[in-house]
Amino acid sequence: MARFTDKTVVITGAAGGIGSALALLLRAEGARLVLHDLSPDALAALPAELAASAEVVHVAGDGTDDEVQARIVTAAESLGGVDGFAPAAGIYLEAPLAELSFAQWRQTLSINLDAVFALTSKLLPVLNDNAAIVTFASVAGERGSRGHAHYAASKGAIVAFTRTLALELGSRGIRANAVAPGIIRTRMTNDSVSKHGDEWAAGTPLGRHGEPEEVARAVAFLLSPDSSFITGVQLDINGGLYMA
Ligand SMILES: NC(=O)c1ccc[n+]([C@@H]2O[C@H](COP(=O)([O-])OP(=O)(O)OC[C@H]3O[C@@H](n4cnc5c(N)ncnc54)[C@H](O)[C@@H]3O)[C@@H](O)[C@H]2O)c1
């Protein structure tokens, strides 16, 4: 069943592990896509199904930049307005608190939180009624994360932001939910998984790390009418690593 026929979905971090898995899944179900990431080369290297076309628009550039955000909005408008928004762009850098500079703190907050607020605000006028927004929180936002105070803070805050979207936009039928992945095998977690992976897998009831497609399927559910009465929730996707 094609749940996204005639729907337009904006995905940031679309060249990343989870973003690209989501883009592939939505495209296979008929979505028109605006795919945003930092580098044009990374977008051009996506699988052929996601090549730029009349129904797939690539927008490259730093997502914290005003002008880049404006190009994303223009692209979404040209595809009929936004039915789904999945801001997956994010960074996860390591710095123990004693070494964490304010500049590093701001850099993470600016990409993981400020840019999500800024782009959401700019997309509001082109958000179609009954659209769905799915933001990317993390197990780190619930439990904290040693060496990642900035990341954990950004991910805790994104949930509060998302719940506020659910409150303010619900009267237009617009839903907003967050997913909180645990340890998912992407470029983002390569280093930490090589250091702590076995220990983390042993502490996970399902005994393994997750795959990007397992997050993408949950995001697609929350973007689709299958979740039509679900808004303001955080869905944990972590193999049982953390139970709220
Ligand atoms: N992988 C995990 O275990 C995990 C766990 C919890 C939450 N998450 C969240 O899921 C989302 C996707 O993560 P992923 O695992 O696919 O990571 P990833 O590193 O594979 O992808 C992230 C993408 O964001 C892009 N990006 C970074 N800064 C950007 C900027 N300034 N402008 C535009 N694009 C930018 C990167 O180029 C990259 O393609 C992130 O928000 C991440 O915090 C991931």
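The crossing of α3 and α4 is right-handed; a crossing counts as right-handed if the near helix is turned clockwise from the far one by less than a right angle, and as left-handed if anticlockwise. This is a predicted model, where local features need pLDDT of at least 70, side-chain atom pairs count only at pLDDT 80 or more, and totals for chains, interfaces and linings use all residues. Residues are numbered from 1 along each chain as its sequence is written, and side-chain values use heavy atoms, with hydrogens and water left out.

**Helix packing**

Helix α3 covers residues 66–78 and helix α4 residues 102–123. Helices here are DSSP runs (H or I, at least four residues), strands are E runs of at least two, and both are numbered from the N terminus. The axes of α3 and α4 come within 10 Å and cross at roughly 40 degrees. Axes are lines fitted to C-alpha atoms, for helices over the stretch in contact; angles run from 0 to 180 degrees between N-to-C directions. The α3 and α4 pair is therefore oblique. Angles under 35 degrees count as roughly parallel, over 145 as roughly antiparallel, 65 to 115 as roughly perpendicular, and the rest as oblique.

Helix α4 also meets α6: their axes come within 8 Å and cross at roughly 15 degrees. Those two helices are therefore roughly parallel. Their crossing is right-handed.

Helix α1 pairs with α8, residues 212–223; the axes come within 8 Å and cross at roughly 55 degrees. That makes α1 oblique to α8. The crossing of α1 past α8 is right-handed.

**The ligand site**

The ligand is surrounded by 29 residues, each with a heavy atom within 4 Å of it. The closest are I18, D37, Y151, I184 and T186. By class, the shell holds 14 nonpolar, 11 polar and 4 charged residues. Nonpolar means Ala, Val, Leu, Ile, Met, Phe, Trp, Tyr, Cys and Pro; charged means Asp, Glu, Lys and Arg; the others, Gly among them, are polar.

| Residue (backbone N or O) | Ligand atom | Distance |
|---|---|---|
| G63 | nitrogen | 2.8 Å |
| A88 | oxygen | 3.0 Å |
| I184 | oxygen | 2.8 Å |

The protein covers 93% of the 820 Å² of accessible area that the ligand has on its own. Areas come from the Shrake-Rupley method with a 1.4 Å probe. The elements giving two or more residues to the shell are α1 (17–28), β2 (32–37) and α6 (149–169).

Technical notes. Polar contact = N/O pair within 3.5 Å; in protein donor to acceptor, adjacent residues only side chain to side chain.
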